[in-house]
Amino acid sequence: MLAIIGGSGLARLAELHDTRREIVRTPYGDPSCALTFGRIGAHPVVFLARHGYGHTIAPHEINYRANLWALREVGAGSVLAVATVGGIRADCDPGVLVLPDQIIDYTSGRRHTFFDGADQQVTHIDFTAPYDAALRVRLLEAARRAGEAVIDGGVYGCTQGPRLETAAEIVRLERDGCDVVGMTGMPEAALAREAGLPYAALCVVANHAAGKGASRAGIAMDEIRAVLDATMRRVGRVLAQAAAG
Ligand code: HPA
């Protein structure tokens with residue numbers, strides 16, 4: 001079964017039918033919300049709204065461990081994450097879809113591993129390629145069938161939030177090689193790897209990052225909302241193809 005984690009602007013998936021909700025508890029506490037089980041076409045899907053159905057949980061307050069644990073517990077075989085980002089690279093304009101292939105983690109203080117506690121063996125996962133190659137190909141194929149252009153590859157810089165970045169922080173991220181910036185990609189991707197769940201992220205550029213392009217003088221929240229409203233239908237079409245593929 002495919003799991004889909006929806007981010008800002010995607011608390012519900014219109015393509016999901018015959019839905020039922022189930023509350024799942026985990027040793028790490030409660031996930032962001034009840035899980036929604038349903039079908040896209042004939043394909044079973046479980047959906048989780050990362051910020052809760054009412055968009056009330058900030059990026060640094062999300063219980064990423066409970067979310068990933070719950071998805072594995074109910075039988076998810078792989079995880080497609082949808083995440084909104086700011087565009088740093090020149091071609092990452094609002095409305096553009098990006099399938100990153102690398103991550104730089106700038107977060108701090110998040111519960112970021114299943115492998116802690118006195119009773120645990122020290123465990124190091126390989127994270128050279130943070131996103132699952134086969135799942136990325138599946139998403140690229142899905143986008144092609146849906147007729148949606150996707151930038152194949154890019155570095156996702158994950159900041160702590162919930163505030164947006166300063167212009168100087170974005171210059172630094174750019175120097176580091178980041179193409180897009182978001183707040184939720186980590187530890188989500190690493191926990192999926194620890195849990196043995198293939199994971200890929202489809203990023204929706206909601207705005208030019210701070211100090212860039214139209215955000216030279218600041219970032220307008222109402223414009224972010226307008227871009228997300230306009231883009232999530234396209235994301236839904238890609239996800240529907242991905243569920244079928
Ligand atoms: N920065 C960080 N996270 C984001 C942004 C941004 O500019 N836009 C959407 N999520």
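Author: Start with β5, which gives the most to the shell around the ligand, with 3 residues. Strands are DSSP runs of E, at least two residues long, numbered from the N terminus, while helices are runs of H or I of at least four. Keep in mind that this is a predicted model, where local features need pLDDT of at least 70, side-chain atom pairs count only at pLDDT 80 or more, and totals for chains, interfaces and linings use all residues. Residues are numbered from 1 along each chain as its sequence is written, and side-chain values use heavy atoms, with hydrogens and water left out.

Reader: Which residues surround the ligand?
Author: A residue is near a molecule if one of its heavy atoms lies within 4 Å of it. Here the ligand is surrounded by Thr 84, Val 85, Gly 86, Leu 164, Glu 165, Val 181, Gly 182, Met 183 and Asn 207.

Reader: What lies 2.6 Å from a nitrogen atom of the ligand?
Author: A polar contact is a pair of N or O atoms within 3.5 Å. In this model, an N or O atom in the side chain of Asn 207 is 2.6 Å from a ligand nitrogen. A polar side-chain atom of Glu 165 lies 2.8 Å from a nitrogen of the ligand, and for a polar backbone atom of Gly 86 the distance to a ligand nitrogen is 3.3 Å.

Reader: How much of the ligand's accessible area does the protein cover?
Author: Accessible areas come from the Shrake-Rupley method with a 1.4 Å probe. On its own the ligand has 260 Å², and the protein covers 93% of that.

Notes
Polar contact = N/O pair within 3.5 Å; in protein donor to acceptor, adjacent residues only side chain to side chain.
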